[in-house]
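Here is a short report on a protein model and its ligand.

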Amino acid sequence: MDVNLTGRRALVTGSSSGLGEAIARLLATEGADVVVHGRDVVRARTVAADIGAVAVAIGDLATDEGADAVAATAGEVDILVNNAGTYDHSGWDDATPQVWVRTYEVNVVSGVRMIRRLVPGMRERGWGRVIQIGGGLSSQPTPMLPHYSASLAARHNLAVSLARELKGTGVTSNVVSPGAILVDSVERFLTEMAPERGWGESWEEIERNAARDFVPNDFGRFGRPEEIAGAVVYLASPYADYVSGATIRVDGGTIRSVI
Ligand SMILES: NC(=O)c1ccc[n+]([C@@H]2O[C@H](COP(=O)([O-])OP(=O)(O)OC[C@H]3O[C@@H](n4cnc5c(N)ncnc54)[C@H](OP(=O)(O)O)[C@@H]3O)[C@@H](O)[C@H]2O)c1
């Protein structure tokens with residue numbers, strides 16, 4: 001199936017690792033001209049060379065200056081994937097108000113900065129895609145990570161507002177909402193925790209038991225970054241012309257709600 005992305009320019013924020021890297025790789029495989037972004041120059045350049053990206057944009061999206069630099073390098077972007085973000089494993093005791101503010105800045109305002117810089121051009125050209133990476137914790141929070149879960153909820157909410165703002169422009173705004181996805185940092189975290197939890201020795205045992213305890217779902221495992229990338233590519237493609245303000249959950253059935 002040709003998803004018709006040839007000639008489309010895509011910026012994937014936070015594509016120097018994890019989900020962003022997988023999203024950038026699949027967009028490039030499907031013919032898009034991909035701009036890789038990160039703060040870590042070496043990692044971003046390595047990913048860009050590996051996937052055949054057309055440019056590398058470096059900048060801290062928690063600042064206006066960083067966002068300006070990234071937008072200048074990115075140029076006329078048709079597909080903006082707001083993926084850059086951060087999460088730690090604090091609970092209510094450790095997540096101070098400063099941590100909440102910083103998390104909102106990095107996870108929410110960062111994306112707004114890129115929307116403000118890149119969406120006017122999409123509007124003028126009459127075609128565009130804005131895709132937020134959200135998450136299941138937005139609608140099914142736990143006692144842990146309250147600041148992070150709330151930042152995900154904000155991403156979901158602003159994507160729908162933006163969709164309504166963009167009505168009739170040819171530009172859509174949607175969310176891909178991952179469950180728990182196995183990126184390097186998640187694998188390290190689970191492996192460190194395994195002995196005290198009695199999850200077993202092999203990675204297969206650890207993953208199965210960690211999924212049962214943390215994110216029970218229909219598949220008994222964590223998701224893979226490539227599975228998130230597939231949903232992003234669909235939303236970026238003309239096959240999703242009639243989809244705006246929507247959320248695609250890619251979580252193995254972790255979230256049980258019918259809406
Ligand atoms: N993994 C999951 O289970 C999961 C589930 C739901 C949602 N998500 C979301 O998916 C996104 C990617 O997460 P991941 O698991 O792939 O994590 P990751 O491997 O740590 O990747 C995070 C990316 O964001 C970039 N980044 C972080 N802070 C930034 C800042 N201030 N300015 C610019 N870039 C910044 C990092 O760039 P540098 O390292 O180059 O600085 C890196 O490329 C996050 O927004 C997260 O909320 C992840």
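The ligand has 28 residues around it, and Arg39, Arg43, Asn83, Tyr87 and Tyr148 come nearest. Keep in mind that this is a predicted model.

By class, the shell around the ligand holds 11 nonpolar residues, 12 polar ones and five charged ones.

| Residue | Protein atom | Ligand atom | Distance |
|---|---|---|---|
| Aspartate 40 | polar backbone atom | oxygen | 2.9 Å |
| Aspartate 60 | polar side-chain atom | nitrogen | 2.9 Å |
| Isoleucine 181 | backbone N or O atom | oxygen | 2.7 Å |

Aspartate 60 uses its side chain, to a ligand nitrogen. Aspartate 40 uses its backbone, to a ligand oxygen.

How much of the ligand's accessible area does the protein cover? On its own, the ligand has 890 Å² of accessible area, and the protein covers 90% of it. Helix 1 (18-29), strand 2 (33-38) and helix 5 (146-165) are the elements that give two or more residues to the shell.

Now the core. In soluble globular proteins, nonpolar side chains tend to be buried together. In this model the largest nonpolar core has 46 residues. Ile23, Leu27 and Val176 have the most contacts inside it. Helix 8 (residues 225-236) supplies the largest share of this core, seven residues. Which domains does the core draw on? At least three of its residues come from each of domain 1 (9-181 + 224-248) and domain 2 (184-222).

Conventions: Residues are numbered from 1 along each chain as its sequence is written. This is a predicted model: local features need pLDDT of at least 70, side-chain atom pairs count only at pLDDT 80 or more; totals for chains, interfaces and linings use all residues. Side-chain values use heavy atoms; hydrogens and water are left out. A residue is near a molecule or strand if one of its heavy atoms lies within 4 Å of it. A polar contact is a pair of N or O atoms within 3.5 Å; within protein, one must be able to donate a hydrogen and the other to accept it, and residues adjacent in sequence count only if both atoms are side-chain atoms. Accessible areas come from the Shrake-Rupley method with a 1.4 Å probe; for residues, only the protein chains shown count as cover. Helices (H or I, at least four residues) and strands (E, at least two) are DSSP runs, numbered from the N terminus. Ala, Val, Leu, Ile, Met, Phe, Trp, Tyr, Cys and Pro count as nonpolar, Asp, Glu, Lys and Arg as charged, and the others, Gly among them, as polar. A nonpolar core is a set of buried Ala, Val, Leu, Ile, Met, Phe, Trp, Tyr and Cys residues joined through side-chain atoms within 4.5 Å. Buried means under 20% relative accessible area, exposed over 50%, partly exposed in between (1.4 Å probe, protein chains only). Domain bounds come from an automatic or database domain assignment.
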